[in-house]
Amino acid sequence: MLMDHLAKKMEYSGEQIPLKQIHDEKEDKKKSVTVVEYFKTALSLFWERRYLLLVVLGAFFNALRTLLSKVVLFHIDPVMTGWTERTTMMICCVPAILWYRLSLRTTVSLTAALLVTGVLSAAQIILIMTSYKYLNVGDAGAIISCNPIIIGILAWIFLSEKLRPVDLLSCVVAVLGVMLLSRPSEIFDGSAFLLSNLMLGFTAAIGGAFSIAIGGVLKRLLCIKEVNKHVSLLYVNFIGALICSIICTILEKWQLPNTITASVFLVLSGICGYLNNLMIMIALCHEKAYHVFVVNTSSVAMVYMLQYIFLHVSPDIYSTVGSTCVILSVVLISRTKTENTEEED
């Protein structure tokens, strides 16, 4: 059509337009249309994945929370830190529940799911805080960030969410990264094996990863059953705070930070934890469980960045290679997400 139009224009004007000029005009028009189409596609993809972008923001709050917790743990016990964080997160849920006049009633089965999630929440916070106390926050965060691999397997079994060969490959890469981060040459060093603080921190981080994974699948189930996110967080954090308070009483660990700065950091840590959990719950209502937690592992890189800026802790070769392996496993699963999305479309 363009060639015919230009030809007629030549006839009427009596001008001789070179064929090369006609071809260039046609190509320019094609490029213009292509750029517009790419821009529309990018905007469409951005809108479809807006919940995962919300998780990235939540990952930043998680990284900030990790750094604050590391500072606080110089002053108080991990269990006390867990109780304070869970209590702060529970209080943060109250304004939204009152504003929207949400009902706290649930069915028996959902109450049981909330109870189990709350118990896991308490175990998770204690294990994670213990790992932060005995490991660098970057190393602990990288080990804990293996949880998407576990979530992928559990979601495949219990929620019928697809798991592909590339996900299994990511498991191998993640395990390699964890082995590097665990410093095998230091852990398996004769009599120091059972007494090493490094081993305690490593074990706590692995336990934290499993508790996050199981809790993540249960949260996805609660979202599928349309339990309000604010109500879910209130129940989960209340149970978590209750269990932490019992442990604090038994172990006589009740204490407050001895400085105002540490107290402020402790409260800010709870607020950051609330924002991270809230954004994850919102995303879980629209995205698959392991996709959400894969994106949430971007907090690993953010932790290393914040750790270097504020704590002046430079990663060594083990941390660098191990974290790279963990992040590579995340990239592999992210690639699977893209392929799954194209098939669904």
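Which helix does Asn62 lie in? Asn62 lies in helix α3.

## Basis

This is a predicted model, in which local features need pLDDT of at least 70 and side-chain atom pairs count only at pLDDT 80 or more, while totals for chains, interfaces and linings use all residues. Residues are numbered from 1 along each chain as its sequence is written, and side-chain values use heavy atoms, with hydrogens and water left out. Helices are DSSP runs of H or I with at least four residues, numbered from the N terminus.

## Asn62

Asn62 has 14% relative accessibility and therefore counts as buried (under 20% relative accessible area, 1.4 Å probe, protein chains only). Leaving aside residues up to four places away in sequence, Asn62 touches Asn276, Asn296 and Ser299; contact means heavy atoms within 4.5 Å. The C-alpha atoms of Asn62 and Cys272 are 6.4 Å apart, although 210 residues separate them along the chain.

## Packing of α3 and α14

Helix α3 (residues 50-72) packs against helix α14 (residues 289-296) at about 45°, with 8 Å between the axes, which are lines fitted to C-alpha atoms over the stretch in contact. The two helices are therefore oblique to each other. On the α3 side, Leu52, Val55, Val56, Gly58, Ala59 and Asn62 meet His291, Val292, Val295 and Asn296 of α14. The residues of this contact comprise six nonpolar, four polar and no charged; Ala, Val, Leu, Ile, Met, Phe, Trp, Tyr, Cys and Pro count as nonpolar, Asp, Glu, Lys and Arg as charged, and the others, Gly among them, as polar.

## Helix α7

The buried residues of α7 include Asn147, Pro148 and Ile149. Just after α7, Ser160 takes a positive phi of about 60°.

Technical notes. Buried < 20%, exposed > 50% of the residue type's maximum accessible area, 1.4 Å probe, protein only. Axes fitted to C-alpha atoms, helices over the stretch in contact; angles between N-to-C directions. Parallel < 35°, antiparallel > 145°, perpendicular 65-115°, else oblique.
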